Amino acid sequence: RHGEETGRAALERLSYSGDELVRRRVATAMGDVPHRSFLPSLIRLLDDRQSIRIAALASLPKVVGHHVTGPPSSGVLEQIEMWKRWYAGQSGGP
């Protein structure tokens, strides 16, 4: 159901939840049913708590279809900055 338009809209809304666990599960679910429309939310979630950042980092390559970060040994903050720079360079980025 997450793959349907109403499911995607629900995930988008839940990404603003006040509950950290919900936001982390949403970030993971966005990678489970990858859709380009999740990209802005996942980029925003990179500024959240550490567990949510890691979940968003894991989902981003699934949504985009490839990695934009360096080697896996790159630190979390480095990976976040790489994704943000990549996103800013895309059409429709902030």
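Modeller: Leaving out residues up to four places away in sequence, L39 is in contact (heavy atoms within 4.5 Å) with L60, V63, V64, W86 and Y87. This is a predicted model, in which local features need pLDDT of at least 70 and side-chain atom pairs count only at pLDDT 80 or more, while totals for chains, interfaces and linings use all residues. Residues are numbered from 1 along each chain as its sequence is written, and side-chain values use heavy atoms, with hydrogens and water left out.

Biologist: Is R36 buried, partly exposed or exposed?

Modeller: R36 sits in the loop between α2 (20–32) and α3 (39–45), the helices being DSSP runs of H or I with at least four residues, numbered from the N terminus. Apart from neighbours within four places in sequence, R36 touches V63, V64, W86 and Q90. Because its relative accessible area is 44%, and the intermediate class lies between under 20% for buried and over 50% for exposed, R36 is partly exposed.

Biologist: Which side chain of opposite charge is nearest to R53?

Modeller: R53 belongs to helix α4 (residues 50–64) and is buried without a salt bridge, a term that requires a side-chain nitrogen of Lys or Arg within 4 Å of a carboxyl oxygen of Asp or Glu. Lys and Arg count as positive and Asp and Glu as negative, with His and the chain ends not counted. At 5.2 Å, the nearest side chain of opposite charge is that of D47.

Biologist: Which backbone oxygen does the side chain of R53 reach at 2.9 Å?

Modeller: Beyond four places in sequence, R53 touches L45, L46, D47, D48, L77 and I80. A polar atom of the R53 side chain lies 3.0 Å from the backbone oxygen of L46. At 2.9 Å, the R53 side chain reaches the backbone oxygen of D48.

Terms used:
Helix = DSSP H or I, 4+ residues; strand = E, 2+ residues; numbered from the N terminus. Buried < 20%, exposed > 50% of the residue type's maximum accessible area, 1.4 Å probe, protein only. Polar contact = N/O pair within 3.5 Å; in protein donor to acceptor, adjacent residues only side chain to side chain.
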